[in-house]
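Subject: Handover of the structure and what was found in it

Dear colleague,

I am passing the structure on to you with this email, and below it you will find my notes on what turned up when I went through it. Please read them with the model open beside you.

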Amino acid sequence: MTIITLKPHNSKSSCFFTQPQTQNQITNSHNPFIKTTFQRFHFHFTPSKLIHRTKQRTVVSCSNTQQDIKETHNKLSKTKINALSDLDDDVELEQHLSGNWPSWKNLPLRYKLIGTTSLAFVICNMDKVNLSIAIIPMSHQFGWNSSTAGLVQSSFFWGYALSQLPGGWLAKIFGGRNVLVVGVLIWSVATALVPFLAGYMPGLILTRILVGIGEGVSPSAATDLIARSIPLEERSRAVAFVFGGLSVGSVLGLLFAPPLIQSIGWESVFYIFGLLGIAWFIGFQFLEEGETRLAAESFSPQGNMTQSWQTSLKEMNSSLKDVPWKAFFQSRAVWAMIYAHFCGSWGHYTCLSWLPTYFSQELDLNLTEAAWVSILPPLASIFVTSIASQLADSLISKGVETTTVRKICQSIAFLSPALCMTLASLDLGLPPWEMVGLLTGGLALSSFALSGLYCTHQDISPEYASILLGITNTVGAVPGIVGVALTGYLLDMTHSWSISLYAPSIFFYLSGTAVWLVFASSKPQSFSEEN
């Protein structure tokens, strides 16, 4: 039982309602708060003191038609983001009254969600890039050639591709927070198992597939959280902060992996990085007991905490048959996102997997030096991401059409690395360190995609944003499977980095730009109605 004390603002007296208010007494009411014609009240829930007790019976008329359920869900979804600001204000007041320590408790609830999600993405890429460094001593120990090393690295993307659509669907059913937590646990445990199975190729590939599955559900889970909790004018910064954690993770992984490998062996990076993810999982369970749990469940598609899972599934149209697949693939904007994701992933994943080896061979660097040079692109991406997100949000707030902003950002993300790779592949007699500078600048500017492509899913459909990202990310994972392995094969055949690494990436960057400029759109689309 909850006892509600109603205290008027700037008054020591208390005021109580002995019966439910009539419609005339309620003004400007929206979920989840009630505002009255009286002076401002603060609602304090105090179960320890009996103030007043009322019983009220609510009769809800339900329609058995699927259309009514969809309309109800759409109305509820539209109110969630508006209700967020009021929820933040109310919780911030309670936190102020209860004390200011620890300091993070005073942050708005949506910021706590974004912060913890970004930290998960940091660990995500630490577990992704650790193999790109460890593959060098592992290849020496087990006698692998470039083709075998490419196969081992690409196995991660098999699981990554398989989990995209299920991840988006599960995020819509159970909420992004729940899916993210399970994903972190899966990939962390699988990472810690790699040293035990490294000498047995099927077992090693299986562990990397599991890492890919766990990390594969994370983008859709994060997209679901952002789409349901962040307003449009803050969305570019939210996406940049969360997905920018990937760049931070790459930097930290490439920074700490070499000394760990040289001091206590390559196995240590898998043990330690895996334990970090498990620690995040355990720590997040404590956060669930506080305000973060309240916020996450408020934004999740279940809606009401007391709803049963069965009721939630029905009311939120969460079954596969209710997803408007046909409408998705009839949209030119969706196809533009799919192809752009594929093109961007080809350059990103091949460079992420092969740059340490490239720098080691081309610059004749040792393991530590090659890893530190490989840090430069993701390190520069962190700064570019913050600039790009602020620029995008600023343009949108000034009235520039959202589609125009997304096209500008994505064009920069594609054309910059294409130009830099073209210069690096030509025999211009450039010193190796100038080539490093070219690649660093090009790959860093590709982070403009976080304010371009990666915001478009939420722009066109907050309701189906997680599923749309699941679709595009599934296709976007194919370069990780094909491109990473193909690069190793071409390198064995041609011994040319220009042919194996640069040429395919340049082609996809340029063709992706053309498709994006012609067909991309950020205009909201009602896929349910089209279906």
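A residue is called buried here when its relative accessible area is under 20%, exposed when that value is over 50%, and partly exposed in between. On that definition, buried residues make up 53% of the 531 residues in the chain. Please keep in mind throughout that this is a predicted model, so that every value below is computed from predicted coordinates.

Overall fold

The chain contains 21 helices and 2 strands.

Helix α4, which covers residues 164-174, packs against helix α5, residues 176-197, at an angle of about 130°, and the two axes are 7 Å apart. An angle over 145 degrees would count as roughly antiparallel and one from 65 to 115 as roughly perpendicular, and α4 and α5 are therefore oblique to each other. On the α4 side the contact is made by G167, L170, A171 and F174, while α5 contributes G176, N178 and V179. Sorted by class, this contact of α4 with α5 comprises 4 nonpolar and 3 polar residues, with no charged residues.

F281, which sits in helix α9 (residues 267-287), is in contact with V181 and L185 once its neighbours within four places in sequence are left aside. The C-alpha atoms of F281 and V184 are separated by 6.8 Å, although the two residues are 97 residues apart along the chain.

S118 belongs to helix α2, which runs over residues 109-142. Because its relative accessible area is 8%, S118 counts as buried, and, not counting residues up to four places away in sequence, S118 touches F241, V242 and G245.

Salt bridges

How many salt bridges does a search of the whole structure find? The search returns 2 salt bridges, and I describe them in turn.

D393 forms a salt bridge with R237, with the closest N and O atoms 2.8 Å apart. This pair links distant parts of the chain, since D393 lies in helix α14 (residues 367-397) and R237 in helix α8 (residues 232-264), 156 residues apart.

D459 forms a salt bridge with R406, and here the closest N and O atoms are 2.7 Å apart. This pair, too, links distant parts of the chain, with D459 in helix α17 (residues 453-460) and R406 in helix α15 (residues 402-425), 53 residues apart. D459 is buried, and R406 is buried as well.

Aromatic pairs

A search of the whole structure gives 23 aromatic pairs, of which I describe two. F329 and W335 form a tilted aromatic pair, at 5.7 Å centre to centre and with 55° between the planes. F329 counts as partly exposed at 37% relative accessibility, and W335 likewise counts as partly exposed, at 45% relative accessibility.

W346 and F508 form an aromatic pair that is also tilted, at 4.8 Å centre to centre and with 40° between the planes. The pair links distant parts of the chain, with W346 in helix α13 (residues 332-362) and F508 in helix α20 (residues 497-519), 162 residues apart. W346 is buried, having a relative accessible area of 7%, and F508 is buried with a relative accessible area of 14%. W346 and F508 also belong to one aromatic cluster, formed together with Y339, F342 and F507.

H495 is located in the loop between α19 (478-494) and α20, and because its relative accessible area is 64%, H495 counts as exposed.

Notes. Residues are numbered from 1 along each chain as its sequence is written. This is a predicted model: local features need pLDDT of at least 70, side-chain atom pairs count only at pLDDT 80 or more; totals for chains, interfaces and linings use all residues. Side-chain values use heavy atoms; hydrogens and water are left out. Axes are lines fitted to C-alpha atoms, for helices over the stretch in contact, and angles run from 0 to 180 degrees between N-to-C directions. Helices (H or I, at least four residues) and strands (E, at least two) are DSSP runs, numbered from the N terminus. Angles under 35 degrees count as roughly parallel, over 145 as roughly antiparallel, 65 to 115 as roughly perpendicular and the rest as oblique. Contact means heavy atoms within 4.5 Å. Ala, Val, Leu, Ile, Met, Phe, Trp, Tyr, Cys and Pro count as nonpolar, Asp, Glu, Lys and Arg as charged, and the others, Gly among them, as polar. Buried means under 20% relative accessible area, exposed over 50%, partly exposed in between (1.4 Å probe, protein chains only). A salt bridge is a side-chain nitrogen of Lys or Arg within 4 Å of a carboxyl oxygen of Asp or Glu. Rings of Phe, Tyr and Trp (its six-membered ring) pair if their centres lie within 6.5 Å; planes under 30 degrees apart count as stacked, over 60 as edge-to-face and the rest as tilted.
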